[in-house]
Amino acid sequence: GRIMFPLADIRGRVLGFGARAMREDQRPKYLNTADNAIYHKGSHLFGAHLARAHAARAGEVILCEGYTDTVALHQAGMRNAVGLMGTALTDEQVAELARMAHTVLLALDADSAGQEAMLRSARVAAKRRLELRVVELPEGTDPAELIRRHGSEAMARAVEEAVAFIRFQVERVLQDGDDSSAEGRDRMLEELRPLFAELPESATRMELTRLVSNRLALPDRIAEKALSAGGGGSGARPGVRAAVRPAAAGEGRPPMSAPAADAPQQEGPAGDLQAREETERAFLALCIASPQEGAGLLEAMDLEQHFASPLVRRAAARLRAGGLADPIKDPPGAVALEDDPQLKELLAELIVGAGREHPDRAMLEVQRLQLELAGVEREIQRARGSGGGEVSRLARRKAEIKHEFDQANERVLEESGNSTG
């Protein structure tokens with residue numbers, strides 16, 4: 001009462017059998033030849049003797065999970081397919097794959113078990129320097145089911161559109177992560193950082209950085225810093241959390257974690273000061289990238305209130321005076337940059353950062369509101385320190401800005417989702 005699959009070695013010699021149940025209530029579902037002196041399950045791939053020549057010609061081999069997937073792929077014309085036979089990928093199987101082709105296309109089931117199998121396969125395959133790509137299947141399907149439901153053309157298209165394994169890993173973290181809170185975004189960045197540590201400077205790295213920055217509503221420059229190998233193991237780079245998610249009104253805490261949760265922002269730890277400066281710099285870089293919108297926003301801002309860093313405040317004043325089109329050029333009446341090397345260096349950094357941005361009015365508004373929130377928070381701290389009666393009014397103002405910020409941030413997230421999905 002079972003379907004019998006002959007299991008052969010690379011030369012086509014039958015060494016054992018796999019038997020699949022034909023009834024739903026039949027147990028076990030698979031009954032295989034036990035390991036013995038001749039047959040070792042972890043040393044072979046189902047269909048390898050049939051797929052070998054086709055894989056060599058194609059330069060790639062398709063790896064799926066079981067017998068029926070392999071048979072279905074061969075019937076659909078994809079003769080370079082082999083099966084894992086329900087086991088985790090072993091060193092011996094990786095060696096077999098490496099002899100067949102340099103590129104392995106992982107067409108494993110589109111469920112959590114299949115995705116975990118991909119991750120395990122990648123760790124083993126890394127030893128052989130195989131190029132791994134992922135065949136993305138509709139949720140809840142396997143190759144055989146996709147072919148049965150939608151035809152061989154659908155499977156062939158999925159194989160043709162296979163993505164690099166690193167992209168699959170990044171997209172998996174972004175899909176499974178919680179981006180509704182600063183802590184959730186920090187955890188996503190922590191998961192992503194080891195992946196980016198293996199990526200050299202390349203078009204792939206730039207593309208994946210943009211993918212992360214769009215999903216987390218971060219400027220590209222800050223996303224790159226947060227994803228760099230030196231980002232640290234306990235959280236994102238300074239400025240990442242502050243750039244996209246401030247403390248809620250009334251929470252009374254700085255954007256980044258600090259030794260004292262209610263420490264005043266103006267006199268907080270160096271990391272918090274650096275976080276605010278990163279946010280201010282990111283805003284000015286976006287202004288340079290979008291000079292028309294940036295000029296209007298800078299003109300309406302109170303630089304003393306919105307910029308805590310004296311150096312960044314000087315840069316903002318210079319840009320507002322007409323330097324957005326050419327930040328290095330001295331505006332009329334301004335101090336020559338040659339006499340202010342710190343400001344010159346900062347403006348050069350901002351120009352480089354602006355070159356990595358794409359004009360984005362919505363993100364510019366998010367950053368402006370972030371600065372306004374920080375400014376109101378500083379006013380609240382000063383009012384508390386002086387014992388003035390302005391705290392209640394400022395707290396209401398902070399709540400209003402926070403509401404505006406949340407709405408603007410939500411729009412950015414929606415636009416990012418539309419553009420990437």
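Predicted model: local features only at pLDDT ≥ 70, side-chain atom pairs only at ≥ 80, totals over all residues.
What is the order of the strands in the open sheet of five strands? The order is β5-β4-β6-β7-β8, and the pairing is mixed.

**Open sheet**
- Strands β5 (81-83) and β8 (163-164) stand at the edges of the sheet.
- Each of these edge strands has a single partner strand, so one side of β5 and one side of β8 are left without a neighbour in the sheet.
- Strand β7 (residues 131-134) is joined to β8 by two bridges, and these two strands run antiparallel.
- R133 has A164, in β8, as its bridge partner.
- In general, the strands of a sheet pair through backbone hydrogen bonds, in either a parallel or an antiparallel manner.

- M4 is located in strand β1 (residues 2-8).
- The relative accessibility of M4 is 48%, and M4 therefore counts as partly exposed, a class that lies between the buried limit of under 20% and the exposed limit of over 50%.

- S228 is buried because its relative accessible area is 15%, and the cut-off for buried residues is under 20%.
- The side chain of S228 reaches the backbone oxygen of K225 at 2.8 Å.

Methods:
Residues numbered from 1 in each chain as written. Heavy atoms only, no water. Helix = DSSP H or I, 4+ residues; strand = E, 2+ residues; numbered from the N terminus. Buried < 20%, exposed > 50% of the residue type's maximum accessible area, 1.4 Å probe, protein only. Pairing = 2+ DSSP bridges. Polar contact = N/O pair within 3.5 Å; in protein donor to acceptor, adjacent residues only side chain to side chain.
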